[in-house]
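Here are a few exercises for getting to know a protein model. Try each task yourself before you read its solution.

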Amino acid sequence: MKLRFLYISIFLFSLFCWNSLSAQELNARVIVNSDKIQGTNKNVYTSLQTNLTEFINGRKWSHASFSPVEKIDCTFTVIINQASDEGAYQGEIQVQARRPVFNSQYITTIFNYRDVQLGFSYMENTPIEYVETNIENNLVATVVFYIYIILGMDFDSFSPMGGNPYFHQAQQIASLAQSYSAWTGWTPFEKENSRHGVITALTDESLSSFRNFWYIYHRRGLDEMAANPDRGRTTIINALPALKEIKELKPGSILLQLFADCKLDELINIYSTASSQEKRDGYDMLNNIYPAMSYRLEPMKK
């Protein structure tokens, strides 16, 4: 009896430890590309890549429970354009995130963004730490900002406005970062596609139709297509006028670009099985929203 109790105790302890280790939300791959930098110590970039990977994957970023198969696959690519001997770097960061479509092998992109305003300091083997109320490193601020954007986009795709707490966290980071005048990418109204511009658009109540559309597109559209492709496709097509409304309300909104970078090719593929009339109507609407991308819409004419 005592031996059986011991086995049960060991099992429960192991299960607890396994759940704790699997509780993190992200399955991130980090790439630090230093190809443009010659004649410097490359070990520092290996150190940065390792530390960033451990930092992103080793921390729990929400109160939600994630099983190992539910983790969000994402990629953070840091490209170093300039480096100094004092550990100052200039470059860019490219962030991508994906989620599976229900009952299928298909993976859909939920975030795909290139940020060219990244300046930061880093010394080899320096631990990467994050204190929510006191961020003193632009690299940490930027990476954590995009972690919360990814979480917000993912949760929004599963429930209406489900990303609110994570967009709120990203907004707080953007506000704190503005106190550091040397940090680029955070200044209000600096650029529409700055970090500040991205989170402002995602939390702008006048543009909330985009987030409702995002939910419908994924949960009631893509996630339905395995069981009923026609119903899923029709739901997505019927929801598309939300993009047209955003274009009319704010023609230069970063939300339109965010959607195009994630979804335009996927959307064209969805239209491939639509009726001729649906294709014509879809082409006209999308060409009006994305006139500079008309060449990508050509397959819809066939």
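This is a predicted model: local features need pLDDT of at least 70, side-chain atom pairs count only at pLDDT 80 or more; totals for chains, interfaces and linings use all residues.

Residues are numbered from 1 along each chain as its sequence is written, and side-chain values use heavy atoms, with hydrogens and water left out.

**Exercise 1. Describe the protein as a whole.**

Step 1: Go through the secondary structure. The protein has 11 helices and 4 strands (DSSP runs numbered from the N terminus: helices are H or I with at least four residues, strands are E with at least two).

Step 2: Look at the dimensions. Along the principal axes, the C-alpha atoms fill a box of roughly 65 × 65 × 35 Å.

Step 3: Check burial. Of the 302 residues, 46% count as buried (under 20% relative accessible area; exposed is over 50%, partly exposed in between, with a 1.4 Å probe and protein chains only).

Step 4: Turn to contacts, meaning heavy atoms within 4.5 Å. Take those with a separation of 6 or more: residues 24 or more positions apart account for 68% of them.

**Exercise 2. Is F76 buried or exposed, and which residues does F76 touch?**

Step 1: Find F76 in strand β2, residues 72-83.

Step 2: Read its relative accessible area, which is 1%, so F76 is buried.

Step 3: List the partners, leaving out residues up to four places away in sequence. F76 touches A28, R29, V30, I31, I56, I93, Q94, V95, V143, Y146, I147 and I150.

Step 4: F76 and A28 are 48 residues apart in sequence, yet their C-alpha atoms are 7.2 Å apart in space.

**Exercise 3. Now do T142.**

Step 1: T142 sits in helix α3, residues 138-156.

Step 2: With a relative accessible area of 0%, T142 is buried.

Step 3: Again skipping residues up to four places away in sequence, T142 touches I93, D115, L118, W186 and R195.

**Exercise 4. How do α5 and α9 pack?**

Step 1: Locate helix α5 at residues 195-202 and helix α9 at residues 254-271.

Step 2: Their axes are 9 Å apart, at an angle of about 95°, so α5 and α9 are roughly perpendicular to each other (65 to 115 degrees; under 35 is roughly parallel, over 145 roughly antiparallel, the rest oblique).

Step 3: Name the contact residues: G197, V198, A201 and L202 of α5 meet I254, L255 and L258 of α9.

Conventions:
Axes are lines fitted to C-alpha atoms, for helices over the stretch in contact, and angles run from 0 to 180 degrees between N-to-C directions.
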